[in-house]
Amino acid sequence: MIRDLSDTTTTEVSKTLISLRNNVGAMALGRVLTLIIVIDDTDASEAIETANHASRQHPCRIIVVIAGDRRGRKRLDAQIRLGGDAGASEVVVMRLYGPLANHGPSVVVPLLLPDSPIVAWWPGEGPTDVAKDPIGQMAKRRITDAAQHRNPRNVLRKRAQTYTPGDTDVSWTRLTRWRGLLAATLDQPPFEPVTGGVVAGAPDSPSTDLLAAWLTIRLRVPIRRVSTARGSGISAVRLERSSGPIDLVRPGDKVATLSQPGQPDRRIALPRRGEAECLADELRRLDQDDTYAEALLDGLGQLTPVRMTADEAARAGTGPDIAAARRLAARLLRADEAEGGSEMVTAPPTPDAFDG
């Protein structure tokens, strides 16, 4: 059910929400948190759909704050969504116009669920210091996405400078499967220490920087960052050991290959994580993420500037060959199909840390 309220007030929105909930039989109980989404009008529909999918795991009240044209008179247009149009949540979309566009927090406060935690999410470009933002000050968790900025690497540095416990970034959540696979691989024989490593990824991929930073902190060895084509995300990781390197390479968007001495090469399902999956992960924990904080605050500062491409590193023998991994994945697929199946290893859950 969707109800539009034009030129309204927060009092009227609250009354209508209660009335609609009673009429359709929606349960007010069971809402575990309030999710505030701060977004531009052009991207609002996609953000609401993402939040609806995430809310199926975490029923909540979703309040969408959209700052419209600041010129003209003060006006509030609202839309309430319940039932099938709101996933497992209740959605209140607030479009603010005129001087009211600068007062999002005052509009949000009357609609907050009592005695429940607040999570703020900026799907687009978030404020420089989210903890000092008026809506960020209300929230126990503050979720941003550095990948949405023009210069993600610069944004990560600013996030480190302004970090406050409770801050997190979707660029970190996208690493979950990579971290799980690498940790599981190092948890198997021969249990040799890692002496160095390389992470290859696009220059506009903050997830690549955070993965290299995490490995630097956890393994206590220098990890070099090399570049692939823009938009390619994370492409490969090489971890050096005395018996030979471990190469985890994803030449496309879904399947990776894992190669290490003394073991057969394997195809591994490693798809890019969707926004709804990442948001659901972040809503699962409301305490501060210490592992993310370590990578952001300590690991990023230890990374050396990018001076080499992934192809140059492969030719020099210091990095994995992504083109060769693509051919390897195709060969393994043909071999699996010839045997009558194409079963792949699935990425394991991610531990918060592993011993280096």
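## Second largest pocket

By class, seven nonpolar, five polar and six charged residues form the lining of the second largest pocket; here Ala, Val, Leu, Ile, Met, Phe, Trp, Tyr, Cys and Pro count as nonpolar, Asp, Glu, Lys and Arg as charged, and the others, Gly among them, as polar. The structure is a predicted model, in which local features need pLDDT of at least 70 and side-chain atom pairs count only at pLDDT 80 or more, whereas totals for chains, interfaces and linings use all residues. Residues are numbered from 1 along each chain as its sequence is written, and side-chain values use heavy atoms, with hydrogens and water left out.

The volume of this second pocket is about 350 Å³, a volume being the space filled by probe spheres set on grid points that are joined across faces, edges and corners. A pocket is found on a 1 Å grid over the protein atoms alone, as an open set of points where a 1.4 Å probe fits, with protein on both sides within 12 Å along at least five of seven lines; lining residues have an atom within 4 Å of a point. Of the 18 lining residues of the second largest pocket, Arg-174, Ser-205, Ser-207, Gly-233 and Arg-272 lie nearest its centre. Helices α7 (176-186) and α8 (206-219) each contribute at least two residues to the lining; helices (H or I, at least four residues) and strands (E, at least two) are DSSP runs, numbered from the N terminus.

## Largest pocket

The largest pocket holds about 680 Å³ of space. Its lining comprises 29 residues, with Val-38, Ile-39, Asp-40, Trp-122 and Glu-125 nearest the centre. Two or more lining residues come from each of α2 (44-55), β3 (60-67), α3 (104-108) and α4 (134-138). The lining divides into 14 nonpolar, seven polar and eight charged residues.

The axes of α7 and α8 come within 11 Å and cross at roughly 30°; axes are lines fitted to C-alpha atoms, for helices over the stretch in contact, and angles run from 0 to 180 degrees between N-to-C directions. The two helices α7 and α8 are therefore roughly parallel, on a scale where angles under 35 degrees count as roughly parallel, over 145 as roughly antiparallel, 65 to 115 as roughly perpendicular and the rest as oblique. Contact (heavy atoms within 4.5 Å) involves Trp-178, Arg-179, Leu-182 and Leu-186 of α7 and Leu-211, Trp-214, Leu-215 and Leu-219 of α8. Seven of these residues are nonpolar, none is polar and one is charged.

Helix α5 (residues 152-161) packs against α8 at an angle of about 50°, with the axes 9 Å apart, and the pair α5 and α8 is therefore oblique. Pro-152, Arg-153 and Leu-156 of α5 meet Pro-206, Asp-209 and Leu-210 of α8, a set of four nonpolar, no polar and two charged residues.

## Packing of α8 with α10

The axes of α8 and helix α10 (residues 290-299) come within 8 Å and cross at roughly 95°, and α8 and α10 are therefore roughly perpendicular. From α8, the contact uses Leu-210, Ala-213, Trp-214, Ile-217 and Arg-218; from α10, Thr-291, Tyr-292, Glu-294, Ala-295, Leu-296, Asp-298 and Gly-299 take part. By class, this contact has seven nonpolar, two polar and three charged residues.

## Backbone features

Most residues other than glycine have a negative phi, and most peptide bonds are trans. The peptide bond from Pro-189 to Pro-190 is cis, with omega near 20°, and Pro-190 lies in the loop between α7 and β9 (196-201). Asp-7, although not a glycine, has a positive phi of about 50°; Asp-7 belongs to the loop between β1 (2-5) and α1 (10-24).
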